[in-house]
Amino acid sequence: MHIDVLSLFPEMFTGVLNTSILKRAQERGAVTIAVTDFREYADNKHKNVDDYPFGGGAGMLLKPEPLFAAVEALKQASGKKSHVVLMSPQGAPYTHQKAVELGTHEHLILLCGHYEGFDERIREYLVDEEVSIGDYVLTGGELASMVVVDSVVRLLPEVIEHDSHDDDSFAHGLLEYPQYTRPADFNGMKVPDVLLSGHHLNIEKWRREQALIRTAMKRPDLLLNVELSDEEKQFIEP
Ligand code: 6GU
């Protein structure tokens, strides 16, 4: 998979892309990631990428030309089937399912604006989808695009170390069950007996119950999208 990020502030990405799992994923060749300053594609000598809105109003808008030219160049260079994502607080809410889905594209192009809005033709003609990472406004799409890159790349088959993603919070629509490591008794704070029992069936049952309880307490909204057995429905009824 190849990921291109278009941003006016490429330096924001340096640490994130060169650390931990994102670093390892690139070293292993599971993904290549490039950040490009789309100011390079500005067509005027002052390298302007923004301009005043027609009809007046506060603030500036990102002009269409630099982003259209940059996306076209990246599509040509990749020779792959490209999927263009606009990072914006107006986008569809970003979820685990979306991370899985974006991971199926061989070439992702993530567009990040900063401070300002986009000329609407970018939305209408250049972009395949628009994504938001939550109901708050960031100064730019950069942090959001790093969230997307991180969550997509860690799920790629070549990056997964073991089956740990099966139990990820959200993988089955539930929050993850509680986990413990040694010591079994830390200053009187004890690990639940069942986990020390070696009884795998009871452990599985306990974990499922705990995931259900935890989700019902912290994120009841998630339960609307989960298949529950009749017994499980009874179990979490208040
Ligand atoms: Cl994707 N961009 C910006 N600028 N703000 C956001 C966002 C994206 N998602 C939530 N807030």
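His-2 is buried, its relative accessible area being 15%; buried means under 20%, exposed over 50%, and partly exposed in between, with a 1.4 Å probe and protein chains only. This is a predicted model, in which local features need pLDDT of at least 70 and side-chain atom pairs count only at pLDDT 80 or more, while totals for chains, interfaces and linings use all residues. Residues are numbered from 1 along each chain as its sequence is written, and side-chain values use heavy atoms, leaving out hydrogens and water.

His-2 sits in strand E1, residues 2–7; strands (E, at least two residues) and helices (H or I, at least four) are DSSP runs numbered from the N terminus. Beyond four places in sequence, the residues that His-2 touches include Thr-32, Lys-80 and His-107, contact meaning heavy atoms within 4.5 Å.

The largest nonpolar core has 27 residues, and Ile-3, Val-149 and Val-153 have the most contacts inside it. Such a core is a set of buried Ala, Val, Leu, Ile, Met, Phe, Trp, Tyr and Cys residues joined through side-chain atoms within 4.5 Å. Among the elements giving two or more residues to this core are E1, strand E5 (82–93) and helix H6 (142–153). The largest share, 6 residues, comes from H6. Apart from this core lies another, of 18 residues, Phe-38 and Phe-118 among them.

Finally, Tyr-136 lies in the loop between strand E8 (129–132) and H6. Tyr-136 is partly exposed, with a relative accessible area of 43%.
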